[in-house]
Amino acid sequence: MPRCIQLKKRAAISGKFFKLTNEIKMKIGVLFPIAIIVAAIVFITWFIVGGYATSPS
């Protein structure tokens with residue numbers, strides 16, 4: 001196989017890999033803050049429902 005064709009294939013593969021890793025990073029960048037907010041809501045709800053937020057009587 002000629003050298004120029006090998007380089008073109010390698011460039012295409014690395015371009016796909018870069019695009020794939022970029023998409024994964026973008027998904028993590030969106031999902032991580034959402035997961036933190038959901039976890040915070042769950043813990044606040046647990047705190048209130050569990051009675052920890054009420055004054056002792």
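Modeller: The secondary structure comes to one helix and zero strands, where helices (H or I, at least four residues) and strands (E, at least two) are DSSP runs numbered from the N terminus. This is a predicted model, in which local features need pLDDT of at least 70 and side-chain atom pairs count only at pLDDT 80 or more, while totals for chains, interfaces and linings use all residues. Residues are numbered from 1 along each chain as its sequence is written, and side-chain values use heavy atoms, with hydrogens and water left out.

Colleague: What percentage of the 57 residues count as buried?

Modeller: Buried means under 20% relative accessible area, exposed over 50%, and partly exposed in between (1.4 Å probe, protein chains only). Here, 0% of the 57 residues count as buried.

Colleague: Is Trp46 buried or exposed?

Modeller: Trp46 lies in helix α1 (residues 3-49) and counts as exposed because its relative accessibility is 56%.

Colleague: How many aromatic pairs does the structure hold?

Modeller: Rings of Phe, Tyr and Trp (its six-membered ring) pair if their centres lie within 6.5 Å; planes under 30 degrees apart count as stacked, over 60 as edge-to-face and the rest as tilted. The structure holds two aromatic pairs. One of them, Phe43 with Trp46, is tilted, at 5.8 Å centre to centre and 35 degrees between the planes. Phe43 and Trp46 are separated by about one helical turn because they are three residues apart in helix α1.
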